Amino acid sequence: MLTIRDIVQPETLTEAYQILTKQRTNTVLGGCAFLRLGSKRIGIGIDLAKLNLDQITEEDDTIKLGAMTTLRQIETHPLLNESFGGVLPKAVSNIIGVQFRNGVTIGGSVYSKYGFSDPITALLALNAKVDLVKAGRLPLGEFLARPREKDVLTHVIIPKEEQIASYQSLRISASDYPILTAAVAKNGEDWRIVVGARPQVAELAGKASEQLAQAYAHAKLDSFMVAGEKNEVNEVVEGILEQMSQELSFGSNARGSATYRQGIAKVLVRRGIQEVLAWISK
Ligand SMILES: Cc1cc2nc3c(=O)[nH]c(=O)nc-3n(C[C@H](O)[C@H](O)[C@H](O)COP(=O)(O)OP(=O)(O)OC[C@H]3O[C@@H](n4cnc5c(N)ncnc54)[C@H](O)[C@@H]3O)c2cc1C
């Protein structure tokens, strides 16, 4: 059973960080959904409720998600539904149920670096960054690759560019953990292919993404399927999918074997590319 000796609501981020680092057992509290599954003995639970971190804000060239923003806010926010092909609302919409998404936070979701994370997969494809009190602003990919360190995540920052993205996942049933997640994004001339729940945390397939950008720039995707022509064979796309499946590692767990995941990754990424191309051709 989770136990919390005391709870504080700091007035500043500096205070929150100081309390967090004062004692090993002091812990930041998000929506507590995951924390409650464990038996951690928390000294001081740090509730960020007084720090205005539950907002989604639009700035000149970014969209900022405060760490205490719930997944339901992300799912229903008009700006996020209009931006990037609605990829973020789509990515969170399969997580358990509405009541659950009303409580869990994007800060807790990103800070935890869960391998199965739906939102991390989509955010990495959108080239998001994270703001932390100690480490400062980091590209999400860099944050995910760093060793775990006590810090307070304050915001997730998404570049507000002309990005189009697609999110795909495979689950045994609608609200289960995903077997695999994938996102494909196009931002100007750049493409990003990201695959998560492998079961490791989401990762960018850098070489495959470059190949995709080259193929698009040289009009080699013109004959590739658009929605409805799913089975059309395109050697260029097959090559890109093969590259992606070779450069990323896949593992086995109770939800699926490495070989199964590797095969499914090709299907999901293919659908992602297809969806982005369909958006562009609209
Ligand atoms: C049964 C169950 C099923 C789930 N299924 C899925 C799924 O299918 N897909 C998916 O993507 N996710 C899934 N999740 C994860 C869920 O969406 C949340 O990501 C998770 O619950 C963490 O969010 P939280 O706000 O509850 O964080 P908490 O449980 O409060 O915190 C989690 C960790 O993050 C730390 N933390 C929280 N906020 C911050 C912050 N701002 N700065 C620094 N550290 C912080 C806490 O100290 C703790 O270590 C599932 C969770 C549960 C419990």
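Q: Does α9 pass α10 in a left-handed or a right-handed crossing?
A: This is a predicted model in which local features need pLDDT of at least 70 and side-chain atom pairs count only at pLDDT 80 or more, while totals for chains, interfaces and linings use all residues. Residues are numbered from 1 along each chain as its sequence is written, and side-chain values use heavy atoms, with hydrogens and water left out. A crossing is left-handed if the near helix is turned anticlockwise from the far one by less than a right angle, and right-handed if clockwise. The crossing in which α9 passes α10 is left-handed.

Q: Why is α9 described as roughly antiparallel to α10, and at what angle do their axes cross?
A: Helices are DSSP runs (H or I, at least four residues), and strands are runs of E of at least two, numbered from the N terminus. Axes are lines fitted to C-alpha atoms, for helices over the stretch in contact, with angles from 0 to 180 degrees between N-to-C directions. The axes of α9 (residues 206–217) and α10 (residues 235–247) come within 8 Å and cross at roughly 165°. That makes the two roughly antiparallel (over 145 degrees; under 35 is roughly parallel, 65 to 115 roughly perpendicular, the rest oblique), the crossing angle being roughly 165°.

Q: How many residues of the contact of α9 with α10 are nonpolar?
A: Contact means heavy atoms within 4.5 Å. Among the residues that meet are L212 in α9 and I240 in α10. Ala, Val, Leu, Ile, Met, Phe, Trp, Tyr, Cys and Pro count as nonpolar, Asp, Glu, Lys and Arg as charged, and the others, Gly among them, as polar. The contact has two charged, four polar and, as nonpolar residues, six.

Q: What is the orientation of α10 and α11 to each other?
A: The axes of α10 and α11 (residues 258–280) come within 9 Å and cross at roughly 135°. The two helices are therefore oblique.

Q: How many residues of strand β11 are buried?
A: Buried means under 20% relative accessible area, exposed over 50%, and partly exposed in between (1.4 Å probe, protein chains only). Strand β11 (residues 190–196) is largely enclosed by the rest of the structure, because its buried residues, out of seven, number six.

Q: Which residue in β11 is the bridge partner of V184?
A: Two strands pair if DSSP finds at least two bridges between them. Seven bridges join β10 (residues 178–187) to β11, and the strands run antiparallel. In β11, the bridge partner of V184 is I193.
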